Amino acid sequence: MGKKVLMKGNEAVAEAAILAGCRHYFAYPITPQSELIEYMAKKMPLVDGTFLQAESEVAAINMVLGAAACGVRVMTSSSSPGISLKQEGISYIAASRLPAVIVNVTRGGPGLGNIAPMQCDYFQATRGGGHGDYYTPVLSPSTVQEFADMAPMAFEIAEKYLTPVMILGDGMLGQMMEPVEFPDAYPPQKDPSEWALGARRTPDDRHIINSLYIDPYVLQEKTETLFKVYEEIKKNETRFETYNMDSGAKYLIVAHGTAARVAKSAVDALKEEGVELALIRPITLWPYPYDAVAEAAKGKEKVITIELSMGQMVEDVKLAVCGECPVEFIGKAGGVVFTPEEIVSLIREKIS
Amino acid sequence: MATTRILCAGFGGQGALLIGKLVAEAGMAEGKFVTWLPSYGPEMRGGTANVMVVVSDKPVGSPIFTKMDVLVALNQPSLDKFAKDTKDGGLIITNSDLCGDPENKDKIKLAPVPLTKIAEEIGNVKAANMVGVGALLQLTGCVERKSVEDYLSHMMKEKNPALLETNMAAIDKGASYVS
Amino acid sequence: MTVFKGRTKGLTDAKLSYCPGCLHGVAHRLIGESMEELGIIEKTIGIAPVGCSVFAYNFFACDVIQVPHGRAPAVATGMHRARPDRIVFTYQGDGDLAAIGTAETIHAANRSENITIFFVNNATYGMTGGQMAPTTLPGMKATTAPYGRDVSDTGFPMRLCEILSQLEMPNYIERVSLLSPKEILKAKKAVKKALQYNTDGKGLSFVEMISTCPTNWGMDPLKAREWARENMLPIFPLGVFKDRAAEEAKEKEAE
Ligand SMILES: Cc1ncc(C[n+]2csc(CCOP(=O)(O)OP(=O)(O)O)c2C)c(N)n1
Ligand code: SF4
Ligand SMILES: [Mg+2]
């Protein structure tokens, strides 16, 4: 590990991507992710990488499609409205079985919304987002360090399963500075010569990348293959963190990302008052840790989901808990982040 | 000191964000948990800039807070906006060259410091924020002077040794003014 | 630089949210005055883009809609097709109109929709903090062109008036500047003419206004105007690029 440096989340994830060997980056400016694109503009030329500001998010994601098809580590980033525009491209990248990393530094919505941090793009991120039968692995960091660590993790997952991977941060994680350490070594890129365009291994080793299957039976078969890959991803890549689990708590808190770090402080604060809460934080939002949440909810009187939205992940929590105990929701819209004191009092209301 | 929450605010260009950055850098060097969260976006336009800093012995949950232990207000609009969010018994450091007294001055500890004047005396008006850093370190002890100096040295010893000296002088003046 | 006397009914009383010395305010004023003078405030619908002028719905006294980044000409098309009796105008920055919205701009112009496009060119993305725009000058620094715009990598500044005037159908295309009182008076004429053509059903009218962004250029407003005169005007020459209605009128006269 190197030295600790104080960095914004936007910059840390960019730096980690470069350290992980990403040399192609295409994006379009949008707040609150601008430091990411600006960091890439500054740093990519210094490592002989490609930085290109696209004319739009639609163009940017298609540049990613092109670069990914040629087998290079490629990344793009944006924030909510821009990610909406990228959905067409993400659907094609998923269907074409190409590895790529998309960072979403989310903001308030719907529509132009605002630039405050929100978790209201959970549905879009975890349910495919674009058209068609597909999913995108989604990683949810809750510290700047984790944001950075997820860049190489995302490339690894993308390359192992040939899929686009999304890192779902938010405006707060993007803008705030925290200490970060970068590891000395990063996972090497997986050899793409089996499928990449322009990578013939023998003169007649012709590579085609395609998402068109006119024959319904062929598309059916392709989609079934894709879903077999998804089963593998579910088996191998589901990640979560638990906190204060062995405290004999009667209540379980479920939260991810920014909401989870605030919730953690609330758990600590209530512990001092003698109230024990267990907490589970999904790190992958797709695949969702259904089994772990179900396990954690076992024997609890109540499960409380906390999100910076009107309630999206709570639907997955309900699927996991499956009626075993009541699932309650604490949320906030508009990009207003909870303070720990606020969460403490809201939790107290729910458990009294 | 378990956790100190500090809000620094001023006009864009007054260097409020940098005050916060120095505290965060120094805290990190001391092995503490720190967060630094600026106001961002169009609200910065021509108006005020502010930053929330948390320095703690424990991992920081929310980097956002509604009540702070310390406010550093570099101008009157910032003081007007944030004074009331300072905890009772908390500390408000003002640039007394540009600010009056806050309404809640009886409930908090007020440290009016002529940041601009002191910086002018040193010969660099731009170092007014550094005078503020000095006052902040002296009154809160949230981080060590040495850690701030180490960071500044690291940043500018080679590139601009004169500025390093000015900044440290400003910090020391700020500290002695309030001690 | 005070050019205006009194207030216009074409703008609301709301305080403009632009930086001190920003010429967006001047452009607003020209449109507000023209609407008032033409007596069309009540029958006009304005379209606010995404950019610093995203808040234009607070300022124009006509009806206003705020739309997605770059899509104003398409929204205007829908509006005008739905209400041909209304005067529809868009107000767009260079990023909005010439980057993400290039396709919408070119196709609305090619169809010569009976709408008016006001295009404020400040050679930067103002709202998001000074990233490179399609109109950023060669060598000019931007937060996403930290080493200066390299035209061999990111292309040359796009001249929208010239590009659009290659199309057969648009009615009126002019580039004006907001850099001095004299130029502002000239710009006013162009703005009013564009709205008049719109009222007369003559098809698409397009007015580009050369502007500044003191905040992101890191200059005071006066210096910014000087800089724009020296650096922008040679690349974006002022003038009328197309005026079909005037030509037709001339031809008729000759007959
Ligand atoms: C789909 C989408 N992408 C990006 C943005 C972020 N964004 C807001 S304003 C802007 C650029 C505005 O520049 P310009 O059109 O030149 O207007 P100015 O602010 O300079 O007047 C961008 C990229 C957005 N709101 N929506
Ligand atoms: S950022 Fe630039 S374009 Fe936007 S209001 Fe300020 S000066 Fe005007
Ligand atoms: Mg612009």
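Two residues are in contact when heavy atoms lie within 4.5 Å. Keep that cut-off in mind for the views below, which all come from a predicted model.

**View 1. Chain B meets chain A.** Here you can look at the place where two chains touch. On one side are 21 residues of chain B, in contact with 25 residues of chain A. Together the two chains bury about 1,700 Å² between them, and carbon and sulfur atoms give 69% of that area. Three residues of chain B deserve a look: B:Met28, B:Trp36 and B:Tyr40 supply 33% of the area that chain B buries against chain A, more than any other three residues.

**View 2. Polar pairs across the interface of chains B and A.** How many residue pairs are in polar contact between chain B and chain A? The count is four, with both residues of each pair at pLDDT 80 or more. If you search the interface for salt bridges, the rule finds zero between chain B and chain A.

**View 3. The side of chain B that touches chain A.** Two elements of chain B each give two or more residues to this side: helix H1 (16-29) and strand S2 (33-38). Which of the elements gives the most? That is S2(B), with five residues. Sorted by class, this side of chain B has twelve nonpolar, five polar and four charged residues.

**View 4. Ligand 1 between two chains.** Now we move to ligand 1, which lies between chains A and C. Around ligand 1 there are 21 residues, and the closest are A:Glu57, C:Cys52, C:Asp94, C:Asp96 and C:Gly126. Helix H3 of chain C (residues 94-100) gives the most to this shell, with three residues. By class, the shell around ligand 1 divides into nine nonpolar, nine polar and three charged residues.

**View 5. Polar atoms beside ligand 1.** Zoom in on individual atoms here. From chain A, a polar side-chain atom of A:Glu57 sits 2.4 Å from a nitrogen atom of ligand 1. On the chain C side, a polar backbone atom of C:Cys52 is 2.8 Å from an oxygen atom of ligand 1. For C:Asp96, a backbone N or O atom lies 2.8 Å from an oxygen atom of ligand 1. How much of the accessible area of ligand 1 does the protein cover? On its own, ligand 1 has 590 Å² of accessible area, and the protein covers 97% of it.

How values were computed
Residues are numbered from 1 along each chain as its sequence is written. Chains are lettered from A and ligands numbered from 1 in the order in which they are written. This is a predicted model: local features need pLDDT of at least 70, side-chain atom pairs count only at pLDDT 80 or more; totals for chains, interfaces and linings use all residues. Side-chain values use heavy atoms; hydrogens and water are left out. Buried area is the accessible area (1.4 Å probe) that two parts lose on being put together, summed over both. A salt bridge is a side-chain nitrogen of Lys or Arg within 4 Å of a carboxyl oxygen of Asp or Glu. A polar contact is a pair of N or O atoms within 3.5 Å; within protein, one must be able to donate a hydrogen and the other to accept it, and residues adjacent in sequence count only if both atoms are side-chain atoms. Helices (H or I, at least four residues) and strands (E, at least two) are DSSP runs, numbered from the N terminus. Ala, Val, Leu, Ile, Met, Phe, Trp, Tyr, Cys and Pro count as nonpolar, Asp, Glu, Lys and Arg as charged, and the others, Gly among them, as polar. A residue is near a molecule or strand if one of its heavy atoms lies within 4 Å of it. Accessible areas come from the Shrake-Rupley method with a 1.4 Å probe; for residues, only the protein chains shown count as cover.
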